[in-house]
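Trainee: I have a structure to go through today. Can we take its features one by one and check what each label rests on?

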Amino acid sequence: MPLPLVNLAATSIDQTANVYDAIRGMLAESPAEREFGLDIGKTLVQFKSGKPGSIRPVTASSRGLEGARQSFVCLDESHHLVESNQGIHVYDVLDRNVRKTAGAGSRLLESTNAYSPSEGSVAQRTHEAFLAGSKGLLYDCLEAPPGIDLKDTEALRAGLVEAYGDSSWVDIDALVEAIQDPRTSEANARRFYLDEIFSSDGTWMDKVTWDACADDADPIMPGDQIAIGFDGSLHHDSSGVVGCRLRDGKTFLLGLWENPGTKSDWEVDVLGVEAAIKRAFDTYRVEWAYCDPPYFQEAIGRWALTYGDDRVFEYWTNRPTRMCEAIERFHSAAAVGDLKHDGDPHITRHVLNAVTREVPQGILIQKDSPRSKRKIDLAVCAVLAFEARADAIADGRLHKPRRRVVGF
């Protein structure tokens, strides 16, 4: 190209050095350096004559990327480019630039380790676009067979040989030792050595911690003071209602509507949701209810009119600051034993399915991948119910008799 502009993109300048230093090493004292008159600097390769064109690193902090005529972009370790470090933004800008000049030969290349499905990285988005049949993508990856027993040395060695292909310089036996070192986590072993997409490092709630919160000695009884968390959907995701007793923070299931995975036209039983809410208010002393509004905003408004707008509140789970704080309080309470549950298998399944996603405001929870059938809706309901309990107690409603005034 007459005006070559090559960008090396990563989360930091240090990360771009993995590729940039290799380029400097290949160009230094090469025929290309002499023939084209290149000035090979520590952070920039350009023409000594001042002719336009360069090879330079860019990061999330780089300004002025929009509209640049990149002839080639290399995204190194794109599994590290995530929302919390502005990596998604950088990718979107560079991708737009390359697409606008693709007819002139502009191209974008990603190099990555196996991503964690809980992070929503650039690497994950590209892989899922490829699986969805997006045009113009070439995906090339060598992976070990999934589910290898890491303690089985022979199977592990065979998997590494397959994953590293013709990389003859790799010491396979040394990698076997590294993987079987007890200091190496399973997630790191599978992602960074075997190229296996794996997400256990992002697990939100440890099973041992959650099981320790189980309590079947003091059942929830009619008339108990409770708080409610509701997370609703209509078609693809589950809908659920979870209660939390005020006096001890014990969570329990009030309703679940979950797609069995066998019907493409499945819908949430809206009348069933309405009945569950009514049953909860009729059976227990509901002091506070937090309800996520999407799809049910009109219904939530009716519930507030019916049961009191001082008891039924909207709680938008897509507001990260507030949600991160609620998730942290729930997790911390479980860790120190200030939270209980009745062992309901559905709530347990959803809680243990949840994985973490880091955002600038803190930690959110999500499914292990956007298309995953491992639902987490009851985990969200439980967080909302526990948060509603805290606000009800802060409002002085624990053990306080409630007088309901009816006007005509």
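Mentor: Start inside. The largest cavity has a volume of about 30 Å³. Keep in mind that this is a predicted model.

Trainee: What makes this a cavity and not a pocket?
Mentor: In a cavity, a 1.4 Å probe fits but cannot get out, whereas a pocket is open. The structure holds 1 cavity of 30 Å³ or more.

Trainee: Which residues line the largest cavity?
Mentor: Ile-228, Ile-277, Phe-281, Ala-289, Cys-291, Trp-303 and Val-312. Helix α9 (270–283) and strand β10 (285–291) each supply at least two residues of that lining.

Trainee: How do you know the class of the residues in that lining?
Mentor: Check each residue type. Ala, Val, Ile, Phe, Trp and Cys are among those that count as nonpolar. The lining has 7 nonpolar, no polar and no charged residues.

Trainee: Now the largest pocket. What is its volume, and which residues lie nearest its centre?
Mentor: The volume is about 1300 Å³. The lining has 41 residues, and Leu-109, Glu-110, Leu-138, Tyr-139 and Asp-140 lie nearest the centre. Elements giving two or more residues are α3 (87–100), β6 (107–111), α4 (122–131) and α5 (153–164). Helix α4 gives the most, with 7 residues. By class, the lining has 23 nonpolar, 9 polar and 9 charged residues.

Trainee: Why is Tyr-139 called partly exposed?
Mentor: Its relative accessibility is 33%. Buried means under 20% and exposed means over 50%. The value for Tyr-139 falls in between, so Tyr-139 counts as partly exposed. Tyr-139 is found in the loop between α4 and α5. Together with Phe-130, Leu-131 and Leu-137, Tyr-139 makes a nonpolar surface patch of about 340 Å².

Trainee: What makes Asp-95 and Arg-99 a salt bridge?
Mentor: The distance. Their side chains meet at 2.8 Å, N to O. The cut-off is within 4 Å, so the pair qualifies. Side chains of opposite charge can pair when their charged atoms come close.

Trainee: How far apart are Asp-95 and Arg-99 in helix α3?
Mentor: They are 4 residues apart, which means a separation of about one helical turn.

Trainee: Are these two residues buried or exposed?
Mentor: One of each. Asp-95 has 15% relative accessibility, under the 20% limit, so Asp-95 is buried. Arg-99 has 60%, over the 50% limit, so Arg-99 is exposed.

Trainee: How do you know that Glu-287 and Arg-285 form a salt bridge?
Mentor: Their closest N and O atoms are 3.7 Å apart. That is within 4 Å, so the pair counts. Glu-287 is buried at 3%, and Arg-285 is partly exposed at 31%.

Trainee: What does the salt bridge between Arg-329 and Glu-387 tie together?
Mentor: The closest N and O atoms of this pair are 2.4 Å apart. Arg-329 lies in helix α11 and Glu-387 in helix α13, so the pair ties together parts that are 58 residues apart in sequence. Arg-329 is partly exposed at 38%. Glu-387 counts as buried at 6%.

Trainee: How many salt bridges are there in the whole structure?
Mentor: A search finds 20. Asp-218, Asp-224, Arg-245, Arg-247 and Asp-248 are linked in a network of salt bridges.

Key. Residues are numbered from 1 along each chain as its sequence is written. This is a predicted model: local features need pLDDT of at least 70, side-chain atom pairs count only at pLDDT 80 or more; totals for chains, interfaces and linings use all residues. Side-chain values use heavy atoms; hydrogens and water are left out. On a 1 Å grid over the protein atoms alone, a cavity is a set of points where a 1.4 Å probe fits but cannot get out, and a pocket is an open set with protein on both sides within 12 Å along at least five of seven lines; lining residues have an atom within 4 Å of a point. Grid points are joined across faces, edges and corners, and a volume is the space filled by probe spheres set on the points. Patches are made of residues with over 30% relative accessible area and no salt bridge: like charges are joined within 9 Å, nonpolar side chains (Val, Leu, Ile, Met, Phe, Trp, Tyr) within 5 Å. Accessible areas come from the Shrake-Rupley method with a 1.4 Å probe; for residues, only the protein chains shown count as cover. Buried means under 20% relative accessible area, exposed over 50%, partly exposed in between (1.4 Å probe, protein chains only).
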